[in-house]
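Good morning, and thank you for the time. I would ask everyone to keep the sequence and the model in view while I speak.

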Amino acid sequence: MSPLLNTLLGVLLIPLFVATWRTSLLGLSCQGFLMAWVAYRLNPELDTVSDWVTLGDLILLRGLAAPIALYRVLRSQNAPRRNDVISPNLLSWTIALGIVLLAFNFSESLVPEHGGQRTLVAVAAAGVLLGFLVLSTQSGPFSQMVGVLRIENAIALFELGGAHEHGMLAIQLGQVAVVAVTIALYRWYLKMLGASTVAQPESLVEGPTL
């Protein structure tokens, strides 16, 4: 499973260096599909309703609904192509790579055995920390939404690696409903904003001219 998790790590990193909103949305979509693949590799039998709900959440909501919903709004508003989810400088890029190293060191301390479980924890930890990096360095609404969705995906990846408790379907459906409502709220909020303030940091937005 390590090649799959390494690919997921690459999907987490690449949108930080390619500063377009389409790349950010493509990254979110790939995260959903790759996590669904991880879930299937961990439990290929799919013998419970909970397993199917998990796949539906990862593929339909995180892999399709969230990126498509935000994409349609940004495209309808002719949003500027460029969008920096972290500051475009060497310091931010160094911090991002340092976060990945920190996450792998953390997983070595937390998971003593080598194998896929250690890599899964490392990638999930990196996803959470990179999401917080996005939230802390950008104030634009789209970048903030991307940061939150990154953290949500990383938490979901953590849950995939944990012990699965069957019989908690109601709670799981509630969590899926929260994700769906969050996506709908983000779409509504972006739709209410103008294109000039959606896909770029606030510091780059030009004020009205007299």
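This is a predicted model: local features need pLDDT of at least 70, side-chain atom pairs count only at pLDDT 80 or more; totals for chains, interfaces and linings use all residues.

Read from the N terminus, its elements follow the order α-α-α-α-α-α-α-α.

Some totals come before the details. The protein chain has 210 residues, of which 46% count as buried.

Let me turn to one helix pair. Two packed helices are described by the angle between their axes and the distance between the axes. For helix H2, residues 21–42, and helix H3, residues 49–76, the angle is about 170 degrees and the axes are 8 Å apart. Angles over 145 degrees count as roughly antiparallel, and H2 and H3 are therefore roughly antiparallel to each other. On the H2 side, the contact is made by Trp21, Arg22, Leu25, Leu28, Ser29, Gly32, Phe33, Met35, Ala36 and Ala39. H3 contributes Thr54, Leu55, Leu58, Ile59, Arg62, Gly63, Leu64, Pro67, Leu70, Tyr71, Leu74 and Arg75. Sorted by class, the contact of H2 with H3 comprises 15 nonpolar, four polar and three charged residues.

One residue of this contact deserves a separate word. Leu25 is placed in helix H2. Is Leu25 buried or exposed? Its relative accessibility is 4%, so Leu25 counts as buried. Setting aside residues up to four places away in sequence, Leu25 touches Pro67, Leu70, Tyr71, Leu74 and Phe142. Between Leu25 and Tyr71 there are 46 residues of separation along the chain, yet their C-alpha atoms are separated by 7.2 Å.

Leu9 lies in helix H1, and with 10% relative accessibility Leu9 counts as buried. Apart from neighbours within four places in sequence, Leu9 is in contact with Val100, Phe104, Val123 and Ala126. Leu9 and Ala122 are 113 residues apart in sequence, while the C-alpha to C-alpha distance is 9.2 Å.

How many cavities of 30 Å³ or more does the structure hold? The structure holds two.

The largest cavity has a volume of about 120 Å³. Its lining consists of Leu28, Leu61, Arg62, Ala66, Pro67, Leu149, Glu152, Asn153, Val179, Thr182 and Ile183. Two or more of these residues come from each of H3, helix H6 (141–160) and helix H7 (169–192). Which element gives the largest share of that lining? It is H3, with four residues. By class, the lining of the largest cavity divides into seven nonpolar, two polar and two charged residues.

The second largest cavity has a volume of about 60 Å³. It is lined by Leu8, Leu12, Gln31, Met35, Val123, Ala124, Gly127, Arg150, Asn153, Ala154 and Leu157. Here the elements that give two or more residues are helix H1 (2–17), H2, helix H5 (116–137) and H6. H6 gives the most to this lining, with four residues. The residues of the lining of the second largest cavity divide into seven nonpolar, three polar and one charged.

Finally, I come to the loops. Leu46 is placed in the loop between H2 and H3. Its phi is near 50 degrees, a positive value in a residue other than glycine. Leu46 has 15% relative accessibility and so counts as buried.

In the loop between H3 and helix H4 (90–110) we find Gln77. Gln77 is buried, with a relative accessible area of 16%. Gln77 and Lys191 are 114 residues apart in sequence, and their C-alpha atoms are 8.2 Å apart in space. Asn78 is also placed in the loop between H3 and H4. Asn78 is exposed, with a relative accessible area of 67%. The phi of Asn78 is near 50 degrees, again a positive value in a residue other than glycine.

That concludes the presentation, and I welcome discussion.

Methods. Residues are numbered from 1 along each chain as its sequence is written. Side-chain values use heavy atoms; hydrogens and water are left out. Axes are lines fitted to C-alpha atoms, for helices over the stretch in contact, and angles run from 0 to 180 degrees between N-to-C directions. Angles under 35 degrees count as roughly parallel, over 145 as roughly antiparallel, 65 to 115 as roughly perpendicular and the rest as oblique. Contact means heavy atoms within 4.5 Å. Ala, Val, Leu, Ile, Met, Phe, Trp, Tyr, Cys and Pro count as nonpolar, Asp, Glu, Lys and Arg as charged, and the others, Gly among them, as polar. On a 1 Å grid over the protein atoms alone, a cavity is a set of points where a 1.4 Å probe fits but cannot get out, and a pocket is an open set with protein on both sides within 12 Å along at least five of seven lines; lining residues have an atom within 4 Å of a point. Grid points are joined across faces, edges and corners, and a volume is the space filled by probe spheres set on the points. Buried means under 20% relative accessible area, exposed over 50%, partly exposed in between (1.4 Å probe, protein chains only).
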